[in-house]
Structure formats: C-alpha cells, structure tokens
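This report walks through selected local features of one structure.

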Amino acid sequence: MGCTRREFIKYSAAMAALTFLGYGCGRKEAEATPDTWVKGVCRFCGTGCGVMVGVRNGKVAMVKGDPNNHNKGMLCLKGALLASVINSPDRLTTPLIRKGGTLVKATWEEALDLTATRFKQTLEQFGPKAVAYYGSGQALTEESYLANKIFKAGLKSNNVDGNPRLCMASAVGGYVSTFGKDEPMGSYEDMDSANCFFIIGSNTSECHPILFRRLAARKQSDPSVKIIVVDPRLTNTARIADLHLPVVPGTDLALMNAMAHVIFNEELDDSKFHGKYVSFKAMVDGKPVEKSLEDYRTFLADYTPEKAAAICSVPAESIVQAAKLFANSSATMSLWCMGLNQRIQGVWANNLVHNLHLITGKICKPGSTSFSLTGQPNACGGVRDTGSLAHLLPGGRLIANQEHRNQMEEIWGLPKDSLNPAPGLFTTAMFAALGDTVRAMLVLCTNPAQSLPNVKKYTANLKKSTKFLAIIEAFADAETLKYADVVFPAAFWCEREGVYGSGERRYCLIEKAVASPGEARPSVNILLDLATRMGVDPKLIPFKNSADIWEEWREISAKSAYNFKGMTRERLRKTSGLLWPCPTEDHPGTKIRYSRGDDPMVPADHPDKYFFYGNPNGRANVWLRPHKPAAELPDAEYPFILTTGRVIDQWHTGTMTNKVPEIRKAFPAAFVEVNQEDAKRLGIANGDNVRLDTRRGSLVLSARVGEVCRPGLVFAPFYDAQKLVNELTVDAVDEASKQPEFKICAVRVSKA
Amino acid sequence: MKKLRQFFTDTLNQITLGRKWLIIPMALAVLALAYFSYLSLAFSGTRCTWGQAQHGEVTDAQSDCYACHKKVTPKIAQDWNESKHGMLLVKCYVCHGLPDGKGAVPFSAKPDAKVACQRCHAPAIERMYTKFGVREGCNSCHGFHTNSLHHDAYAKSVSKQKAE
Amino acid sequence: MAIASFIIHTTRQDLAGVKASLSQRRDATILPWESPPCLVAVIERPSKELERVEREFKATPGVLSVATAYLNIEDELGGEGAK
Ligand code: SF4
C-alpha cells in the first residue's frame, strides 16, 4: 500500500496509543454512569456502612456511600471496590455434587434430593443429634432465622451454631453477664460526643475504617479529646493515640483491674452511680455470689499499678495515666473487638471493660458507653438477635431455660415441651464430632476450612467419608468447597433482598439490585426447598420469600427486649436503617438503651433514670474477675507469641476481597511481622523467609521487619488460603462463651 | 502526510465500527516494542515500572505502591501518608487504579474527580455544586494528598459550625 | 529524529478546543478519540526535545494528563552499530 518506513513507524506509534485506548474503553464501561441507584449495606465488616449500588444494564457499575446512613457517604477501600467482587467471574452458577472424588455439575433436583435424603437417613438412623447447621454472621437475618427454626423447631436438633462463635461469643457473654441482655447500649453517634476513647484489642483503623474515620474526625474537631490504645502492636490506629500501651498479649485483665484500682484510689469513681445501679458479683464454686463494694475494693487491692506493670510489661505511670484519662473525661467510650473476644478469658475481659464504665458512671449517656465492635456485617442482627447459636433461642432466650423454651413453643405453635431441652454443640465441638456423632452438616455462607482454629484437626474430620457436608456458597474458590459433598450456588449480596444488622443495633434492608448469575438462587429459597424435602412441617415454614420471614420475626420480636415491631419492610425500604428497640411504626429507634426517656423498654414513669431491666434486680453487675493467663504461654521451646488478624485490604478468608485486582496485588500472600530487635537477633532481614512452628503445625512466610509488633510477638494475617495461618493457632476455648483463643499461641520463629 | 492521515481515519473508523479485534494482535506486537524503547530511554526512576511484564504477577509482600513510591516520589508519598487519606488508609489504588491497567479502577495519575471522589464524597460534591456551581475537579482547593488531619481548613469549619 | 505518540486526556467539553489548539502544531498528527475523551498525538521531533513537547501538551488548557505510548529513536542513531 506504498507507505514509507517513516509512515509505518508513525502508524505503529498511533496504534500503540490506540491500543491503550482500547483498554480504556473496556474500563470505561465498568465505570459508566449508572442508570439507577439501589440502597444497600456494605458486604464486609460489622461497621455496616450504607451503600448505593449503581446499576447499569443489569450489572453493578459502581458502589458509593449512602449519604443518609451513619457513614454519611463515606466508604473504606473495600466498600468502594465492591463492584468487582459481585462482577467476579469466579462465581458458582450451578449446583455441584461430589462424584468419585471431584465436584461435578448437577441439577437442582439432584442436589436438593441428595441432600434431603442424606439428612433424612441420618435423622432416622442416628437421631437429631447427628445433624448440624453451621451458619454465618454474613447471612441475611431472614436466612439465619429460618435455618434456626428449621433445625431447632423442625428437626428438633439444637446443633445450630455459626462463625459468630469464633468472633462475637465472648462479647455476648460479657453483655449478658453484666447487663442481662446482649448488644451494646450505645450507638456510633456516641463517637461524636466522647472526650476519651479507650480502644483495647481493636485495630479499628484497619478493621472498622469508617468508624476510625469518625473518631479521628472527632479528635480533629477537638484536640482535647484523648485516645488510649491498648494493643501489643503499634497499629495504624495507634498513630492518632495520645497514649499507646503495648501490653504483653493476654495480660489485659491485670491492666483493667489495675485501672479500677487507680480509679478508686484516686477517688475518681462515681459512688452515686454505682451505689444505685450496680451490684457486685463473683463466681464462687461455679455459682454467682453477691459481693459488696468493700469486697471489690479488697479484691482490687491486689492489682496495684506496679504489679500490673510487671505483668503487662508497660510502665506503671502509663497505667495510672490511662485510668485518670478514662475517669476524668466528661464522656468516655470504650471500643474493643477480637483482641478481647478471641481469648479463653474473653467474657471476663469484656466484663472488666464494663466494670470501668460502671464504677465511673460513664455509661448510658451520650458519648459514654462500652461498645463492642463487630467483625461481620450481620453477626449482631442475624445471629445474636435471632438466637442462631447452639445454646440460644430467638430474642435472647436460652435453650436451657424451660420457661424460655415454652415461650418459643407457644410462639412457633409447637406442642408444649416439644423443643429439645439440651443445648447443641458449639462450633469447635461440632466440627470435632463431625463424621463421628455428627453425620450430616449444612454450612451457609462461611468458610470454616480456613477460619477454624487449629484447622488441620478439623479438616481431618471434614475429609471423613462418614460425614455428609452440604454447603451454600457463592464463590467457586472457597477453601471449604474441597470437602463438600454437595454445593448449592447462592445469590450474593444485592442479588437478593434481606436485612443486615450492624454493630450498633441498626437494621438495614439490602434491596435487590441485580439478578444472580446462572442458576444461583437466594439462600432462603434453598433452605425452604431443603426443609420441605426433609419433611419439616409446612405449617412451620409458610414462607415464600425473605419478606414473609421478616414479618414473622418482627412480630415475634415484640415479645422480647429486642422489640423492633415498628420496623416494617416498607419503613426499612424508605430509611437507611433503624436502631432497635423500635416498638411502634412511629418510633424513631433507640440511641441509648437502659435510660429513661431514651429506651422505650424503660417505663416512662420509672423512678430511676437508669434501669438495667435485663437483670432481676434492675442493676448491672460488676464482676470480680482475677487475672488469668492465656492457654498457651511461650516457653523455652516456643519462645514467641503468635497473634493473627487482618489487614485493611483483605477481609476474613479473602474469598471476596481477592476478587479485586487492586487488593490481590497489594496483599497477594500472607506474611509475618517480626520486631526489628528480634529479627536482628535471629538474623532475619526484611523479605526473608521465616519459619513458624507451633505445637500444631508449621508455615513459612515472608518477613516484614519493623516496629509494629512488640518484642517477643509475631503477627500473621489469616486471609491467605495458600498459607493457612490457622493451622498454627490453638483451639482452646473460653469456658463460658466457647470462643477459641485465636489471638495467642506459642511459636518458634526461625529463618527458613 | 495527507495519505497517512487518511489511513488513520480509516483505521479509526474500523475500530469504532467494532472491528477492533483485527488490529489488536498487530498493535500488541508494536506495543511490546514500544514499551521496550520507552523504558530503555529511561526517563529514569521516577517512572513506575509496575506495569512491566516481569512485574505483572507481584508476589513480594512489600509491593504495595507506597513502599516503592516512598523512594521514587518521596514528596507525594509522604504527603499522602500524612494526609487524611493516608491516616485513614485510603490507599493509592482506590483512586489511581493499577499501573498495569488491569485493575477495577481505571489507571490514571490524575483520577477523574467525578468518579473517584464520588464514591465517598457525593454529599460534599453536591453541597459544593449548589454553593458554587460546576468546578473542574476538587483538587484545586482540597488537595487529595495534602488535606491533613491537622490543617487549618478544619479550624475554619469549626468556626462555621459555631456560627450556625 | 524520533517518532513518539502521546495520549492526551481531556474532558468531553474540552475535546474540541484541545484538538483545535493542538492541530496548530506543524510537527504533530492529532487524532481525537471520543470515549474516553482524549487525543492521540503522533509527533516527530529530536528526542531531546520530547520532554519539552510533553510539557507543552500538559500546559495546553483543557488537558488533564499526558501519557507516552510509543517512542522510536532508531533514526537518530544514524546506523550506529551497523558496521
Ligand atoms: S468500614 Fe466496613 S462496612 Fe464500611 S465500607 Fe469499609 S468494609 Fe464496608
């Protein structure tokens, strides 16, 4: 065509540029202006940020923050990148059945029939104790409520547990033992009026970024706001701290008792408050016993700041300073998360935070509250409130309590005393019994093969041929798929409608924005189909969709302190979430519980301002809890402490966040953080391969040397399916909450 | 030159007609060559090399943008680190995408404010719009990397709050 | 002489204006592109001047960013290494 060499080069030059633009076109499409915006909630953490899902041509084009929700339009990086998770090609689109060792495509009929038959056979042969359901704090409230009802009321099996056992159980134990009712009394709004933040065992900045933003903004607005961070790591959260206490992991009980000691010693306690609203208690021979203020002070006498300083390995002055900041501020808010919960003293540690608030009267007032942060988006609303755990019934009722059982029997229209009176198996016990006494299990919306502690022990059971495992899952690369006999493809996030309940008792409706890919179906419908085929009484499950289930659950809630009868579907559709209690349709929701005038559950004519109606005497309990060490302490053979956790980019087991190219590349593989002094001693340089050995397993990870971990501590994140950090963790559990101690185990560190 | 121009226009038409696939294999070959010469010219260390073929699959755990940009664009990186966005860990890729262009966010040194800012700041953009009308980008007044937790814009907003 | 191509990003409103001002250059072939709104400039100049040209592009009103897409400097080497 007769073009000169120079022209050819120019042509190439233009082509090179146009090729780039070709890429540009593809990208532009994804970011194109959406046609419609649909309201929802972020799929990731328990902060529960409101989102607006931008839909274009039936696809999610963009996600932005909901300006009317508590996050005021803000999203952290995970929330902002949600669109590529839901558009991921790695979705399950047909049911799968394991045949000859591999999962092969099957029809819905085959998969449902096989699962129902196996469950029915198991029930006939071994009874209700042999079937189990393992749920999730990421399932919709309707899904958890329905599964709970199917198993407990329909199949008479109390083996209903879920991953909140790994995450929230100790917080539940703490709230229930102190206040008699679960869930925080405050809300996120308290952050705007608190003058002191006591953050213990939480890397808020990476795990609840939008809440961190709110408290950073609070500090910016008023430089006199003080932030105390108790964390063995120098996390990003500690960057804005006025006081950082890098305590030895597992010594926070001593720390908080010493803070209480200082508060009384300096007469910073509020005797008017604790004299009127608090009773002191201790466990004696396994039974709760009334104690007096004097007993408590005698008990605390043992916890001088000096003694605690030696245990925690922080200066005694810092402990005194922390106590004074806590008690002297006009409003103090405590925030904690897995650092306190994932511990064998988890419930006790929770009690001790509540103690500090109760003795200083910094509770149930704007800005003064003890607030447990939640890891999953619907652990509170979905699992805790619906009672989808092995020892619970809906609305804070206990299986072990006959009166509670009878109430539920009446509500559900069952014959009296027909519910199984024996609590079921909690998570680790359930997986320990799998293939043995538990023969058939249904897993919904969670990835236990990666998230259980000491995971090899449990995957050994998952491999057993004597077990039957059916899972309802959205993503094709979840670790647990490897062990499943049947896999049901689930509609994900805004592909179906339902309610999420975030950490502040806020219930929000996720509306359906797009269709699910392939044959994937909403989990509610999968559960209903399974239940019907298993022969569950149709009167128990007269539902067609999640809205029907919500109606029933809303009605039932009116008969408990979780009353949210006023939250009709219509109302949830119009608002960006409401906080319970919310008994009537014109009730605006409750920001502060237990306070007359705020909480509708406290009678308007109650003689006292505060009323802890969860406890029979109307008072909150201050517990005398001695310091006790972790289950596995470092010794000569395993001299370091290993702690696990998250990074801001990746969420939990990474099945969702790894779908985002940006995140996958920023954090492709697990790593281990080592303190620089320890590293020098061991001859480890940044980026070296480091071998971690615990009594349960070993792993080689690349090292990040720095000052984040305190000396003697190493940290590894658990998102990486190729390097299962949970093969190293210990599965000792809290006696009361049965939550495992992910956060502390002994480890040997060496250069690989 | 006229002939060349005609040729380009034809090609362009072809592409816009959707027959892009005809050109792509050819262009890709050219692209590889182009990349080499581009890199060999070495506009030097200030250019990001992450998009290079051999860095396509990043396995080094240290390879987030900041770790490298601390060295190659120290001022920008440090500004970010100390800004609100840095404090709150709104990381580079949230607005800039990935240099290899394969990310969920379009790669750009100057992200389109209308898309990037909107994800979080839609209410603020709306407010600004009603107050001042359209403005090109947000950065001319609100530095993406320099809006620190301590800067005085805040003081202004406090006084505003009080005045209200 | 070196031959290079640049991608010049702009906004939809400014596309025509930027095209008009760049078309005045005698050393460049300018091709507009609708979505995303940008232009491709093929330019023939000694390589030493290219960075200046890039700056000139950047300084043009309405231009958001400029990216180098292609560069060939063979001709400048004058057959070096051939013998
Ligand atoms: S803070 Fe949590 S809920 Fe909010 S956007 Fe980020 S991951 Fe989602």
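Asn401(A) caps the N-terminal end of helix 17 of chain A, with a side-chain oxygen 2.9 Å from the backbone nitrogen of Glu403(A). The model is predicted, and every value here is computed from it. Helix 17 of chain A covers residues 402-412. After the helix comes Gly413(A), with a positive phi near 70°.

Which residues of helix 17 of chain A are buried? They are His404(A), Arg405(A), Asn406(A), Met408(A), Glu409(A) and Trp412(A). An α-helix has 3.6 residues a turn, so residues three or four places apart point the same way.

## Salt bridges

Over all chains, the structure holds 46 salt bridges. Three of them are listed here.

| Pair | N to O distance |
|---|---|
| Lys39(A) and Glu511(A) | 3.5 Å |
| Arg496(A) and Glu143(A) | 2.8 Å |
| Arg25(C) and Asp27(C) | 3.1 Å |

Take the salt bridge of Lys39(A) with Glu511(A). The pair links distant parts of the chain, 472 residues apart. Lys39(A) sits in strand 1 (residues 36-41) of chain A. Glu511(A) lies in the loop between strand 21 (506-510) and helix 21 (523-533) of chain A. Both Lys39(A) and Glu511(A) are buried.

Next comes the salt bridge between Arg496(A) and Glu143(A). These partners are 353 residues apart and also link distant parts of the chain. Arg496(A) is in the loop between strand 19 (486-489) and strand 20 (498-501) of chain A, while Glu143(A) belongs to helix 5. Why does Arg496(A) count as buried? Its relative accessibility is 7%, and the cut-off for buried is under 20%. Glu143(A) is buried too, at a relative accessible area of 1%.

In chain C, Arg25(C) and Asp27(C) meet in a salt bridge. Both residues are buried. They belong to a network of salt bridges that also links Arg45(C), Glu49(C), Arg52(C) and Glu56(C).

## Around the ligand

What kinds of residue make up the shell around the ligand? The shell divides into 8 nonpolar, 3 polar and 1 charged. Its cysteines include Cys42(A), Cys45(A), Cys49(A) and Cys76(A). Also around the ligand are Phe44(A), Thr47(A), Gly48(A), Leu75(A), Lys78(A), Gly79(A), Pro209(A) and Ile210(A). Helix 2 (77-80) and helix 8 (209-221) of chain A each supply at least two residues of this shell.

Note on methods: Residues are numbered from 1 along each chain as its sequence is written. Chains are lettered from A and ligands numbered from 1 in the order in which they are written. This is a predicted model: local features need pLDDT of at least 70, side-chain atom pairs count only at pLDDT 80 or more; totals for chains, interfaces and linings use all residues. Side-chain values use heavy atoms; hydrogens and water are left out. A residue is near a molecule or strand if one of its heavy atoms lies within 4 Å of it. Helices (H or I, at least four residues) and strands (E, at least two) are DSSP runs, numbered from the N terminus. Ala, Val, Leu, Ile, Met, Phe, Trp, Tyr, Cys and Pro count as nonpolar, Asp, Glu, Lys and Arg as charged, and the others, Gly among them, as polar. Buried means under 20% relative accessible area, exposed over 50%, partly exposed in between (1.4 Å probe, protein chains only). A polar contact is a pair of N or O atoms within 3.5 Å; within protein, one must be able to donate a hydrogen and the other to accept it, and residues adjacent in sequence count only if both atoms are side-chain atoms. A salt bridge is a side-chain nitrogen of Lys or Arg within 4 Å of a carboxyl oxygen of Asp or Glu.
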